[in-house]
Amino acid sequence: LRDAARLAALDAAAALDALPEAAFDRLSALAREALRAGAAFVMLVAPDRQFIKSCAADGGFEAGASFPLSHSLCRHAVASGEPLVIPDAPGDPAWAAHPAVRDLGIGAYLGVPVVTADGHALGTVCV
């Protein structure tokens with residue numbers, strides 16, 4: 001997560017401090033609809049925090065909000081560069097005690113890394 005080239009790509013995209021963008025909002029809405037998920041997000045992962053770039057969810061979340069990496073499942077997909085699928089997070093011994101599952105009530109998770117043309121994972125599209 002602290003790879004200098006990945007952080008430079010994240011900074012070059014100027015996405016963390018940018019205003020919400022309609023394309024990201026459409027992507028979140030499409031992911032939520034296509035997968036019949038309760039919520040869908042485009043998340044960006046910085047060295048110390050995770051940021052909501054866009055979201056399609058019923059209440060409690062808004063673009064621009066952030067939370068610590070301790071509550072991030074997306075960081076695992078970003079670090080590996082591979083999709084992360086957790087069909088039953090509370091029932092999975094590897095994930096049941098994770099703060100996102102325990103504190104945020106996440107029941108299932110799918111996160112697919114958002115990767116630049118240079119191969120740097122900046123965040124995820126997740127449901």
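Author: Among contacts between residues at least 6 apart in sequence, 48% join residues at least 24 apart; contact here means heavy atoms within 4.5 Å. The model is predicted, so local features need pLDDT of at least 70 and side-chain atom pairs count only at pLDDT 80 or more, while totals for chains, interfaces and linings use all residues. Residues are numbered from 1 along each chain as its sequence is written, and side-chain values use heavy atoms, with hydrogens and water left out.

The protein has 4 helices and 6 strands, in the order α-α-β-β-β-α-β-α-β-β from the N terminus. These elements are DSSP runs numbered from the N terminus: helices are H or I of at least four residues, strands E of at least two. Of the 127 residues, 38% count as buried, that is, under 20% relative accessible area, with exposed over 50% and partly exposed in between (1.4 Å probe, protein chains only).

The largest nonpolar core holds 20 residues, of which Met43, Ile86 and Tyr109 touch the most other members. Such a core is a set of buried Ala, Val, Leu, Ile, Met, Phe, Trp, Tyr and Cys residues joined through side-chain atoms within 4.5 Å. Two or more of its residues come from each of strand S1 (39–45), helix H3 (74–80), strand S4 (84–86), helix H4 (99–104) and strand S6 (121–126). S1 gives the largest share, 4 residues. Beyond its neighbours within four places in sequence, Met43 is in contact with residues including Phe51, Ile52, Phe67, Cys74, Leu122 and Cys126. Gln50 is another of the contacts of Met43.

Gln50 also touches Ser72, as does His98, not counting residues up to four places away in sequence. Ser72 is placed in the loop between strand S3 (66–68) and H3, and is buried, with a relative accessible area of 0%. A polar atom of the Ser72 side chain lies 3.0 Å from the backbone nitrogen of Arg75.

In soluble globular proteins, nonpolar side chains tend to be buried together. The lining of the largest pocket has 20 nonpolar, 3 polar and no charged residues; Ala, Val, Leu, Ile, Met, Phe, Trp, Tyr, Cys and Pro count as nonpolar, Asp, Glu, Lys and Arg as charged, and the others, Gly among them, as polar.

Notes:
Polar contact = N/O pair within 3.5 Å; in protein donor to acceptor, adjacent residues only side chain to side chain.
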